[in-house]
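Subject: Handing over a structure

Dear colleague,

I am passing on the structure below, together with an account of what was found in it. Please look through the sequence and the model before reading on.

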Amino acid sequence: QVQLVESGGGLVQNGGSLRLSCAASGSIVSMYGMYWHRQAPGKQRELVAAITGGGITNYVDSVKGRFTISRDNAKNTVYLQMNSLKPEDTAVYYCNADIRTALRLANYWGQGTQVTVSS
């Protein structure tokens with residue numbers, strides 16, 4: 001069984017910074033792509049940032065230059081450094097990852113962490 005646990009969310013002022021973490025645990029053999037999504041009230045969930053197993057990153061246009069995704073493979077952890085936060089970044093942020101266990105390769109999701117940016 002695999003679990004993803006996010007942390008680091010909270011309330012921050014416009015222009016502030018937060019660092020989200022997502023740690024995977026369980027019977028992990030290998031981890032591949034890791035991703036951060038977000039869902040604002042009344043909106044669809046959107047992919048914010050992605051990082052491949054080799055460290056190649058990609059971002060949605062609205063966060064380019066402000067957010068940085070990174071990973072620590074030794075710790076099975078993905079991070080999202082968020083700078084110059086704006087009120088429109090307010091959302092629940094979810095991590096997910098493609099993980100191989102002894103039984104299968106599957107995509108797993110965390111429970112989400114709230115990020116609120118005040119104006």
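A residue counts as buried when its relative accessible area is under 20%. By that cut-off cysteine 22, at 1% relative accessibility, is buried, and cysteine 95 is buried as well, with a relative accessible area of 1%. Please keep in mind throughout that this is a predicted model.

These two cysteines form a disulfide, with their sulfur atoms 1.8 Å apart, and the count of disulfides comes to one. Since cysteine 22 belongs to strand S3 (residues 18-26) and cysteine 95 to strand S9 (residues 91-100), the pair ties together parts that are 73 residues apart in sequence. The torsion about the S-S bond of cysteine 22 and cysteine 95 is about 45°, so the disulfide is right-handed.

Turning to the protein chain as a whole, it has eleven strands and zero helices. Its radius of gyration is 14 Å, close to the 14 Å that the globule rule gives for 119 residues, so the chain is as compact as a globular protein of that length. Along the principal axes, the C-alpha atoms fill a box of roughly 45 × 25 × 25 Å.

Of the 119 residues of the protein chain, 41% count as buried, while the accessible surface comes to about 6,300 Å², with 48% of it belonging to carbon and sulfur atoms. Among contacts in the chain with a separation of 6 or more, 55% are between residues 24 or more positions apart. Finally, the chain carries 11 positive and 7 negative charges, whose mean positions are 3 Å apart.

With kind regards

Notes:
Residues are numbered from 1 along each chain as its sequence is written. This is a predicted model: local features need pLDDT of at least 70, side-chain atom pairs count only at pLDDT 80 or more; totals for chains, interfaces and linings use all residues. Side-chain values use heavy atoms; hydrogens and water are left out. Helices (H or I, at least four residues) and strands (E, at least two) are DSSP runs, numbered from the N terminus. The radius of gyration is taken over C-alpha atoms; the globule rule is 2.2 Å times the number of residues to the power 0.38. Buried means under 20% relative accessible area, exposed over 50%, partly exposed in between (1.4 Å probe, protein chains only). Contact means heavy atoms within 4.5 Å. Accessible areas come from the Shrake-Rupley method with a 1.4 Å probe; for residues, only the protein chains shown count as cover. Lys and Arg count as positive and Asp and Glu as negative; His and the chain ends are not counted. The place of a charge is taken as NZ of Lys, CZ of Arg, CG of Asp or CD of Glu. A disulfide is a pair of cysteine sulfur atoms within 2.5 Å.
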